[in-house]
Amino acid sequence: MAGQKKIGVVGATFLVAGNMMGSGVFLLPSSLAKIGTASIWGWLVTTAGALLLAFVFAKLGKLAPKAGGPYAYARDWFGPYMGFQTNTIYWFANWIGNVAIPIAAVGYFSYFFPILSDPLPRCIAVLLLVWALSMANVVGPAFVSRVQTVTTSFALVPILGIAIFGWFFFDPAIFKGAYNVSGQSNFSAVSSAAALTLWAFIGVESASVTAGVVENPEKNVARATLAGVFLAAIAYIASSSVIMGMVPNAQLQVSDAPFALAAANAVGGWGGALVSLCAFLGAAGSLGGWILLTAQSAKAAADDGLFPGVFSRTNKDDVPVKGVVIVAVLMTLAVLITATSKTASAQFDVITSAAVVLTLLPYIYSCVACYFVVERSHTLVHTGAFWVLTSITVVYCLWAIFGSSGPIVQYAFLFVLFITVFYPFFSDERRKQRLARLTPAGTPTAGSN
């Protein structure tokens, strides 16, 4: 770690807020339009759940800051197998979800170059972004943090601009006329919206996962987590509410740049152009933070022997370069597999749904681990109250899984079972037994007396 430049509390706050806002909000209005304005209730429920998760990760960051985040907590409190399972799921969820970020960015850039709405040009542009931000991570975490601090500022322009000034162009009739267009019951519609909107808060653990590169993590991880979630929550609810009253539902459902569409409807083409540029920069910049998060999580597990050793190899600046490149290659494959989607928003929906379901299991493990951490550090009365809090958070995560697409939940469950067969290759007990079989009887092993 010597010589590595650490991230301060401001950088870590923007890392959390940027990972959420850059990856979550820009295409969600189009996805939620398929449900209707009833999705606002889903936003409110998800915000409450995200704040609970933020509190959990803030508590963990304060009492037991660990590089690797959810993986490290599962490993320490449930054992090596659960650590292996959590890291594998979390790692897959991250790089799969990462693909949605450049898709959103390119969707907004298509405002200037409509040809990017076609599958092949969109695919090429997405791949260029993936590799550009991957190479930025090779430079180091401090560089990525500086880039994201700047790009998050750009991301705030369309989000806060629509959230504040969009109300001057808000039409209550448009909003009320599309309350529930999903064909589901109101409860099912809100449940589906809660599952979709959770994607916007994925990243709440960002400061926790990158605790190893944050200055004074005992204090700054907690501060950055709560501040980042609070900033994002206000922007999400306000902007999503107003945009559904600015753009007719039918138009919103098929838009690849919903914030730009709202701005163009309100003030003309220049507004749409400004919003598109800022949204593109915000979404593209957040990709750098997510690649950093994915690489750090894999490195922490590889350092413990619970993930392939290639992910723990670093350069002089402690950057796992080979791990970053592997992630970029896998993201490239995911882009190519989903490239036939007719629109960017359709491609975005498939990828984000899979990423959310996979991420929820590590979140549940982190909630339970947090209870044990608090129990070790506080009185019984305090521990009992925290047990109630973590239990509510776990129920919220289970409800979000319930609201997700049935086939995606099914495939995610099968994936969790399937990765079990790879655990023996990373089991410390297996390595010891294998060494014992290979060592001739009576021959001392290395390090014996």
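1. The structure, a predicted model, holds three cavities of 30 Å³ or more. The second largest cavity contains about 50 Å³ of space.

2. The residues that line the second largest cavity are Ala93, Asn94, Gly97, Asn98, Ile101, Trp199, Ile202, Trp290, Ala355 and Thr359. Two elements, α5 (80-98) and α17 (344-377), each give two or more residues to this lining. Helix α5 gives the most, with four residues. Sorted by class, the lining of the second largest cavity has six nonpolar and four polar residues, and no charged residues.

3. Trp91 and Phe311 form an edge-to-face pair, with 5.3 Å centre to centre and 80° between the planes. This pair links distant parts of the chain: Trp91 lies in helix α5, whereas Phe311 lies in the loop between α15 (269-303) and α16 (321-337), 220 residues apart. Both Trp91 and Phe311 are buried.

4. Why is the pair of Phe418 and Phe422 edge-to-face? The ring centres of Phe418 and Phe422 are 5.4 Å apart and the planes stand at 80°, so the pair is edge-to-face, given that planes over 60 degrees apart count as such. Phe418 counts as partly exposed because its relative accessibility is 48%. Phe422 is also partly exposed, with a relative accessible area of 37%.

5. One aromatic cluster is formed by Trp91, Phe92, Trp95, Phe307, Phe311 and Phe415. Trp91 and Phe311, the edge-to-face pair described above, are thus named among the members of this cluster.

Terms used: Residues are numbered from 1 along each chain as its sequence is written. This is a predicted model: local features need pLDDT of at least 70, side-chain atom pairs count only at pLDDT 80 or more; totals for chains, interfaces and linings use all residues. Side-chain values use heavy atoms; hydrogens and water are left out. On a 1 Å grid over the protein atoms alone, a cavity is a set of points where a 1.4 Å probe fits but cannot get out, and a pocket is an open set with protein on both sides within 12 Å along at least five of seven lines; lining residues have an atom within 4 Å of a point. Grid points are joined across faces, edges and corners, and a volume is the space filled by probe spheres set on the points. Ala, Val, Leu, Ile, Met, Phe, Trp, Tyr, Cys and Pro count as nonpolar, Asp, Glu, Lys and Arg as charged, and the others, Gly among them, as polar. Rings of Phe, Tyr and Trp (its six-membered ring) pair if their centres lie within 6.5 Å; planes under 30 degrees apart count as stacked, over 60 as edge-to-face and the rest as tilted. Buried means under 20% relative accessible area, exposed over 50%, partly exposed in between (1.4 Å probe, protein chains only).
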